[in-house]
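Reader: I've got the sequence and the model up on my screen. Can we walk through a few spots together?

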Amino acid sequence: MGKRPLVICTDPGIDDFIALSMVLSKPEFDVLGMVALSGNVGLDVTINNALLACEYNARADIPVLAGSAKPLARPARSASNIHGKSGLGASLELYAEGKPSNKNGADFIIEMARKYTGKLEILSLGPLTDVALALEKAPEIAKAIACITVMGGGIHAGNATRYAEFNIVADPEAANVVFGSGVKTVMIGLDATNLCLQPRSDIELLRAPTELGKIVPAMLSSYADVYKQVHNIDGMMIHDAICAVYLWRPELFTCMKCRMTVCLEDGEHLGQTMPEDGDTCLAATSCDAQAVREEILSVMKRVVAAH
Ligand code: BDR
Ligand code: CA
């Protein structure tokens with residue numbers, strides 16, 4: 001079997017950086033490009049951090065495309081309170097050597113969907129803005145995309161607000177376009193990711209005499225500090241990394257078939273994901289948390305040993 005063609009949309013973000021490093025270490029994927037967009041932090045910063053993820057993982061050959069600087073219909077939200085101004089934690093300020101491609105993120109998604117008809121997979125680790133723009137500009141690509149795996153949403157809980165998860169509420173209109181497009185989606189939301197508390201003690205296991213062996217513990221320590229301050233727990237949920245695990249270990253997740261809808265009304269339910277009858281979306285309701293945590297740790301141990 002050939003490699004799986006994959007485009008990643010991302011807003012790095014500490015957990016994005018871990019997810020990107022994990023996927024880049026997996027030989028079964030042909031990572032065609034990364035679309036960096038505004039989300040956790042602003043667009044310039046997420047572009048820099050996506051470039052850094054490629055460079056630190058010795059994959060500077062992968063194009064990084066500029067995605068959207070703002071959501072489809074609303075002002076940008078940020079999560080710099082969690083990820084720091086640099087997006088990679090309070091103690092890191094790193095600058096990539098490379099530059100983004102001069103293509104635009106949505107056009108790149110359209111081009112790749114046409115080139116890899118029936119095979120292209122998308123991993124979305126941030127707001128769904130650029131995927132929605134691509135589907136609005138070229139609706140026929142909904143049939144050409146094999147699957148979009150989304151970190152986002154939650155059936156029973158939110159995190160950015162009481163009912164809504166950050167990636168979805170950051171651009172609810174975009175999420176609605178994607179879930180309503182007929183494309184096959186997998187939603188790995190908080191019902192699964194909140195189960196996977198990565199203990200703070202795992203950070204020390206990722207220290208190594210390599211570049212990533214220094215910066216990965218530094219960024220995870222900042223992330224854990226925030227979890228300690230905000231939730232008073234000694235560990236963290238590395239949401240995007242948990243979602244990435246689904247790509248190669250789907251059997252670790254329990255999912256329900258549905259048609260996912262998103263609340264677009266202003267108010268406390270804005271951005272809430274609500275499953276209805278249908279079969280276009282597989283939404284995670286639970287997962288084998290212990291196995292997911294071990295998978296993240298074992299893949300990341302190999303990553304930090306290598307780079
Ligand atoms: C999601 O929101 C962002 O802050 C994280 O990077 C992750 O993609 C978790 O709700
Ligand atoms: Ca993210």
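Reader: Let's start with T273: is T273 buried or exposed?
Author: Keep in mind that this is a predicted model. T273 sits in strand β10, which covers residues 273-287. The cut-off for buried is under 20% relative accessible area. T273 has a relative accessibility of 1%, so T273 counts as buried.

Reader: Which backbone oxygen lies 2.8 Å from a polar atom of the T273 side chain?
Author: Skipping neighbours within four places in sequence, T273 is in contact with several residues, among them G153, G154 and I155. M187 and M260 are also on that contact list. The backbone oxygen at 2.8 Å from the polar side-chain atom of T273 belongs to G154.

Reader: What separates the C-alpha atoms of G152 and L190?
Author: Along the chain, G152 and L190 are 38 residues apart. Leaving out neighbours within four places in sequence, G152 is in contact with residues including M187, I188 and G189. As for the C-alpha atoms of G152 and L190, the separation is 7.2 Å.

Reader: Over to the helices: at what angle do α1 and α2 pack?
Author: Helix α1 takes in residues 14-24 and helix α2 residues 43-56. Their axes are 10 Å apart, and α1 passes α2 in a right-handed crossing. The packing angle is about 35°.

Reader: How many of the residues in the contact of α1 with α2 are nonpolar?
Author: From α1, F17, L20 and L24 meet N49, L52, A53, C54 and Y56 in α2. The residues of this contact include no charged ones and one polar one. The nonpolar count is seven.

Reader: Now the ligand: which residue has a side-chain N or O atom 2.6 Å from an oxygen atom of ligand 1?
Author: The residues around ligand 1 include D15, D16, N40, H83 and H239. The side chain that puts an N or O atom 2.6 Å from a ligand 1 oxygen is that of D15.

Reader: And which residue has a backbone N or O atom 3.0 Å from an oxygen atom of ligand 1?
Author: L125 and N159 are both among the residues around ligand 1. For N159, an N or O atom of the side chain is 2.8 Å from a ligand oxygen. The backbone atom at 3.0 Å belongs to L125.

Methods: Residues are numbered from 1 along each chain as its sequence is written. Chains are lettered from A and ligands numbered from 1 in the order in which they are written. This is a predicted model: local features need pLDDT of at least 70, side-chain atom pairs count only at pLDDT 80 or more; totals for chains, interfaces and linings use all residues. Side-chain values use heavy atoms; hydrogens and water are left out. Helices (H or I, at least four residues) and strands (E, at least two) are DSSP runs, numbered from the N terminus. Buried means under 20% relative accessible area, exposed over 50%, partly exposed in between (1.4 Å probe, protein chains only). A polar contact is a pair of N or O atoms within 3.5 Å; within protein, one must be able to donate a hydrogen and the other to accept it, and residues adjacent in sequence count only if both atoms are side-chain atoms. Contact means heavy atoms within 4.5 Å. Axes are lines fitted to C-alpha atoms, for helices over the stretch in contact, and angles run from 0 to 180 degrees between N-to-C directions. A crossing is left-handed if the near helix is turned anticlockwise from the far one by less than a right angle, and right-handed if clockwise. Ala, Val, Leu, Ile, Met, Phe, Trp, Tyr, Cys and Pro count as nonpolar, Asp, Glu, Lys and Arg as charged, and the others, Gly among them, as polar. A residue is near a molecule or strand if one of its heavy atoms lies within 4 Å of it.
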